[in-house]
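Subject: Structure handover

Hello,

Please read them alongside the coordinates.

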Amino acid sequence: MNTSENSKFPKVVIIGGGFGGLEVAKQLADEPVDILMLDKHNYHTFQPLLYQVATGSLEAESIAFSLRKNFAGQKNFRFRIAEVLTIDTANNKVITNVGDVSYDYLVIATGSTTNFFGNKDIERFAMPMKSIPEALNLRYLVLQNLEEASLKATKEEREPFLTFVLVGAGPTGVELAGALAELRNHILDRDYPELEKEHMKVYLVDFLPKVLGPFSDEGSEAARHFLTEMGVEVMLGVKVESYDGEEIKFEGGKTIKTKNVIWSAGVQGVVPAGIDKDKIERGNRISVDTINRVKGLENIFAIGDVAAMITDETPKGHPGVAQVAIQQGKLAGKNIAHLVKGEPTEPFKYNDKGSLATIGRNKAIADLGKIKFQGFFAWLIWMFVHLISLLGFRNKVVVFVNWISNYIANNGGSRLIIRRFKREELPKKDLQTAKVD
């Protein structure tokens, strides 16, 4: 890989083009360093709106933005599409599928992925939603199952195709449950007059006793009220036991027949190979010190969802939200600049700006410090914050126009099946093993 090995400036390699990685690169724009960003994709994904891609309200291109275009005017920045195979910490090298690259400073901003807690059947049959490809897979599965339901002759035959179970009542689960409820309440009988919306069921399930666990009790209760009002059946204090693609089972014996299980019950950090296991904390996150430097390594930083800064104030680390990644990215960039210049570094202190979640049309929750409110005004705040946070003027305009037209027509989205979703077949040896067991 051509990485300007002869540069006279220190080389900063950033793995990951998410919220945190972007902030590191932006912070180092005017510093005497060469920056190389590596990512499997050449775009940044605005993850808070993935659920709208999954339900067909927005097209994928609306929430993605070219990483190269984003840094087009930054002279010390370069980008390569690459998959990191391992990190050689002893020799300060990142080994990738397109070649090796050396670094003086390394920032691991690889984010998180879905945590199925070791349950292979659930991992095979449930649908995650942490990336644009996964959101599109979910969209096509939902639409395909609605099409299948329209072909069935009886209510009993249609039931599994029209039943949606969302596991995990955090912001992703709540927002997706609300979006599916709105699809049922306002769109189903328009697109599929042969189906009855009363037969489409949406369940939101969580092992915890409340929805939106990190939110205030007031916000959590309001979210539950909104969901129930929209026809979502909320099941709390319930643990999933298994799912085989046909039936989901819960501890205690309850079962639901469904072809649609969406899993947002947990996440785990994406840690590149080469980081010693003794540096990994709960949730597969890398242990870092107060400046986000990996413990025991002088020139490697980890930020965002993949980092665990365990202190007396944060015994479980920081929450896996965009604001943590953004703030840690900014400070990591500053501290790398300080180290390059031989200056003292600054410790990280998280500034919690509050939490927002939308449930549906005119319904949202806003916990902004001591200020807490719900309903229409919270919904406007949610839209404004997400709109200004999108990368790219075009994306902002497209999303805004989509939201306005969806609001007026109450029938937004194209809901096209461009390609069919099909699960990968298990290898024959796995099928044989399953039969023997």
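Helices (H or I, at least four residues) and strands (E, at least two) are DSSP runs, numbered from the N terminus. Val-401 is found in helix α11.

This is a predicted model, where local features need pLDDT of at least 70 and side-chain atom pairs count only at pLDDT 80 or more, while totals for chains, interfaces and linings use all residues. Residues are numbered from 1 along each chain as its sequence is written, and side-chain values use heavy atoms, with hydrogens and water left out.

Surface patch

Val-401 counts as partly exposed because its relative accessibility is 47% (buried is under 20%, exposed over 50%, partly exposed in between; 1.4 Å probe, protein chains only). Val-401 belongs to a nonpolar surface patch of about 1000 Å², whose members include Phe-376, Leu-380, Phe-400 and Tyr-407. α10 (376-389) and α11 (393-409) each supply at least two residues of the patch, and the largest share, seven residues, comes from α11.

Cavities

A cavity is a set of points on a 1 Å grid over the protein atoms alone where a 1.4 Å probe fits but cannot get out; lining residues have an atom within 4 Å of a point. Three cavities of 30 Å³ or more turn up in the whole structure. The largest cavity holds about 500 Å³ of space. Its lining has 26 residues, and Gln-52, Ser-57, Glu-182, Arg-361 and Asn-406 lie nearest the centre. The largest share of this lining, seven residues, comes from α7.

Regards

Key:
Patch = residues over 30% accessible without salt bridge, like charges linked within 9 Å, V, L, I, M, F, W, Y side chains within 5 Å. Areas by Shrake-Rupley, 256 points an atom, 1.4 Å probe, with all protein chains shown as cover. Salt bridge = Lys/Arg side-chain N within 4 Å of Asp/Glu carboxyl O. 1 Å grid on protein atoms, 1.4 Å probe; cavity = no way out; pocket = protein on both sides within 12 Å on 5 of 7 lines; lining within 4 Å. Points joined across faces, edges and corners; volume = space filled by probe spheres on them.
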